[in-house]
Each structure stands twice: as structure tokens, then as C-alpha cells.
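Please look over the model below before using it. My notes follow it, point by point.

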Amino acid sequence: MTDKLLSGWSFQWRPVSMEDIGEQVVCLIAYHLLFAMFVWSYWKTIFTLPMNPSKEFHLSYAEKELLEREPRGEAHQEVLRRAAKDLPIYTRTMSGAIRYCDRCQLIKPDRCHHCSVCDKCILKMDHHCPWVNNCVGFSNYKFFLLFLAYSLLYCLFIAATDLQYFIKFWTNGLPDTQAKFHIMFLFFAAAMFSVSLSSLFGYHCWLVSKNKSTLEAFRSPVFRHGTDKNGFSLGFSKNMRQVFGDEEKYWLLPIFSSLGDGCSFPTCLVNQDPEQPSTPAGLNSTSKNPENHQFPAKPLRESQSHLLTDSQSWTEGSTNLGKDKAGMSNPALTMENET
């Protein structure tokens with residue numbers, strides 16, 4: 001009697017499974033590969049700690065005392081001027097002030113923002129994501145992109161393999177068992193997640209191509225010469241390399257390969273900054289060409305500067321000029337506290 005029940009049960013379930021052995025093997029390999037990459041990238045996004053500004057951006061104990069003791073005014077400007085004179089910062093607040101965080105007591109690096117949830121400043125902060133319970137920024141933005149990509153592929157794969165049985169469900173081609181409701185629910189869930197993930201992944205792909213964060217897409221960064229929505233864009237190829245790195249073998253793996261240290265970024269200034277030194281000799285002919293943007297006078301960190309070498313060739317004299325200007329202090333600007 002038991003053998004008859006088992007044989008009848010297996011007969012009922014056989015029509016909703018793949019019969020070809022080769023197809024089963026391919027689907028099993030693809031499914032577990034996508035699932036493994038999805039879990040790996042999701043894990044890295046969650047458990048990678050956001051990076052905070054390095055010590056050089058923090059005020060010294062004496063400078064903190066000055067800020068607390070003196071009334072706001074020239075004294076504050078002088079403190080920030082001395083603290084920021086050698087820092088690679090080019091962005092300002094909306095009012096043109098040096099970006100300073102009262103809670104962390106530091107001068108914010110470019111693209112750094114204070115997260116109210118984490119209560120700390122995050123390098124190249126994109127957003128605080130409740131789905132991963134973590135800040136998405138410089139240290140895990142690549143992992144977040146891969147998490148979106150592999151979760152989208154995972155849902156599309158499930159929807160595609162389930163589609164033929166979903167069609168049979170509506171054409172009464174499936175046996176009358178509980179499996180038919182599982183198939184319907186699985187297809188709807190995978191399809192709905194695919195739609196939402198495709199829009200989110202597409203949006204972040206656009207952000208990467210323009211070298212923007214979510215915060216910068218909503219509010220363009222402000223430089224000393226004014227607002228510039230494309231201030232950090234170096235072209236599609238270099239923008240991609242800044243997030244995924246130079247070695248293509250690591251692009252699809254949730255292994256950190258982003259360029260730089262998160263504290264400084266190559267900058268393309270579309271409009272000439274009046275506070276920057278004049279264009280180095282030999283580059284005047286290209287200053288009017290919109291394809292050749294001006295770059296900050298201060299030397300970029302070694303990990304970032306090579307991004308500019310493909311399109312801009314600096315002579316030895318211009319390099320020395322940049323080094324001479326590196327010690328110049330930033331202009332005395334009114335301080336505005338941002339959190």
C-alpha cells in the first residue's frame with residue numbers, strides 16, 4: 001500500500017520537473033553559482049565597515065579648544081585655514097564655506113558626509129541602506145553594485161526557468177497538486193523583484209558612468225568656483241575604473257579593488273577656478289577646449305593621479321608648480337557647520 005502511494009506521489013510531481021539530465025545539470029550549476037555570488041556580495045556589503053576620514057582631517061586638541069573658546073568669526077576662519085592648508089579638499093558648502101563636521105570635529109574630505117544613523121562621517125557616502133543595515137560608501141560601494149547585479153540575475157534566472165510551468169498553470173497543463181501554487185508564487189515573487197532590482201541597478205550604473213553618488217545626484221557638489229554636477233567625472237572608462245579598479249579579473253568578484261583611499265579624488269573643473277593658479281605653460285591652447293578640463297593645483301594622492309595621465313600630460317615644470325602651490329592655504333572662507 002505504501003509503495004503504491006509513493007509511486008502515485010512521484011507520478012504527480014514528475015510533470016513539473018525537468019526531464020532532460022543535461023538541462024538539470026546546467027540549471028543546477030547556474031543556480032548555485034548565482035546564489036553563491038549573491039550571498040558573497042551581500043555578505044561583503046553588510047559586514048564591510050564604512051571608512052572614516054583619516055587622522056589628518058581631524059583637528060588637533062589645540063584647534064578644538066580654539067573653536068570652542070572663541071566666538072564665531074575670524075578666529076574660526078583662521079583655525080580652519082591653518083588646518084586645511086595642506087589637505088586635498090576642493091569642495092565647499094552651499095554658502096562657500098569649508099565643510100566642517102561639528103559632531104566628528106573634522107574637516108570633511110571631498111564627497112564625505114555625516115551619516116545620522118551611524119553618527120559618523122563616511123568617505124564617499126552614497127546612502128544608508130536599511131536592506132543591508134549599513135552605510136554604502138567608498139569601502140563597500142563595489143560590493144553593493146555586485147549585490148544588485150547578482151540578485152537581479154538570480155531573480156531573472158528563477159523567473160526564466162519557472163516561466164514554462166507558469167504558462168502551464170494558466171493553460172491547465174499542470175496536475176492538480178500543491179506544487180502549482182508554489183510555482184505561481186515563485187514566478188510572481190521573482191518577477192516583481194526583477195523589476196524593482198533592474199530599476200535600482202540601472203540607476204546605480206548611471207551613477208557610476210557619471211562618477212556620482214546618490215547624494216551628489218540630488219545635490220551637486222560645490223567647488224570654489226561654484227556648483228559643478230560633473231566635477232568628478234573623468235569619462236566613462238576612468239569612472240568605471242575608479243569603482244572597479246584597473247584589474248578586470250576582479251571586477252565581477254566581491255573583492256575590494258577600487259582606486260584611491262577615499263579621502264581625495266581626481267577632479268575635472270569645467271569652469272576655471274579663479275582661486276587656482278593660472279594654467280601651466282604649454283596648456284593654454286587646451287584651456288578653451290571643453291574636452292580638456294582644468295585640474296586642481298594641489299597634487300593628487302599617488303593612488304588617484306594615474307587616472308589623469310591618459311588624457312593630460314603635465315610637463316616637469318607644471319608638476320613642480322603644483323608642488324610649490326601645495327603648501328598654500330585655502331582662502332579664508334566663512335565656516336558653516338554641517339552634520
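The points below go from the model as a whole to single residues.

1. **Basis.** This is a predicted model, in which local features need pLDDT of at least 70, side-chain atom pairs count only at pLDDT 80 or more, and totals for chains, interfaces and linings use all residues. Residues are numbered from 1 along each chain as its sequence is written, and side-chain values use heavy atoms, with hydrogens and water left out.

2. **Overall.** The protein chain has 10 helices and 10 strands. These are DSSP runs, numbered from the N terminus: helices are H or I, at least four residues, and strands are E, at least two. Of the 339 residues, 44% count as buried. Buried means under 20% relative accessible area, exposed over 50%, and partly exposed in between (1.4 Å probe, protein chains only). The accessible surface comes to about 18,500 Å², and 61% of that belongs to carbon and sulfur atoms. Areas come from the Shrake-Rupley method with a 1.4 Å probe; for residues, only the protein chains shown count as cover.

3. **Annotated segments.** An unreviewed UniProt entry lists residues 21–43, 143–161 and 181–203 under "transmembrane region". UniProt positions are in the numbering used here, feature names are shortened, and annotations may be inferred rather than shown by experiment. In the model, residues 21–43 are 100% helix and 0% strand, with end C-alpha atoms 33 Å apart. Residues 181–203 also come out at 100% helix and 0% strand, with end C-alpha atoms 33 Å apart.

4. **Surface patch.** I21, V25 and I29 make a nonpolar surface patch of about 300 Å². Patch residues have over 30% relative accessible area and no salt bridge; like charges are joined within 9 Å, nonpolar side chains (Val, Leu, Ile, Met, Phe, Trp, Tyr) within 5 Å. I29 sits in helix α2 (residues 21–47). Its relative accessibility is 56%, so I29 counts as exposed.

5. **Cores.** Which residues have the most contacts inside the largest nonpolar core? They are Y141 and F144, in a core of 28 residues. α2, α5 (141–170), α6 (179–210) and α8 each supply at least two residues of this core. α5 gives the most, with 14 residues. A second, separate core of 24 residues includes A83, C101, I107 and C121. A nonpolar core is a set of buried Ala, Val, Leu, Ile, Met, Phe, Trp, Tyr and Cys residues joined through side-chain atoms within 4.5 Å.

6. **Contacts.** Contact means heavy atoms within 4.5 Å. Among contacts between residues at least 6 apart in sequence, 67% join residues at least 24 apart. G262 lies in the loop between α8 (236–244) and α9 (302–305). G262 is buried because its relative accessible area is 0%. Not counting residues up to four places away in sequence, G262 touches D110, L123, K124 and F138. G262 and K124 are 138 residues apart in sequence, yet 6.4 Å apart in space, C-alpha to C-alpha.

7. **Salt bridges.** The count is 4, where a salt bridge is a side-chain nitrogen of Lys or Arg within 4 Å of a carboxyl oxygen of Asp or Glu. One of them joins E216 and R111, with the closest N and O atoms 2.8 Å apart. This pair links distant parts of the chain: E216 is in helix α7 (residues 214–218), and R111 is in the loop between β3 (106–107) and β4 (113–115), 105 residues apart. E216 is buried at 6% relative accessibility, and R111 is buried at 3%. Another joins E247 and K249 (3.6 Å, N to O). Here E247 is partly exposed at 44%, and K249 is exposed at 58%.
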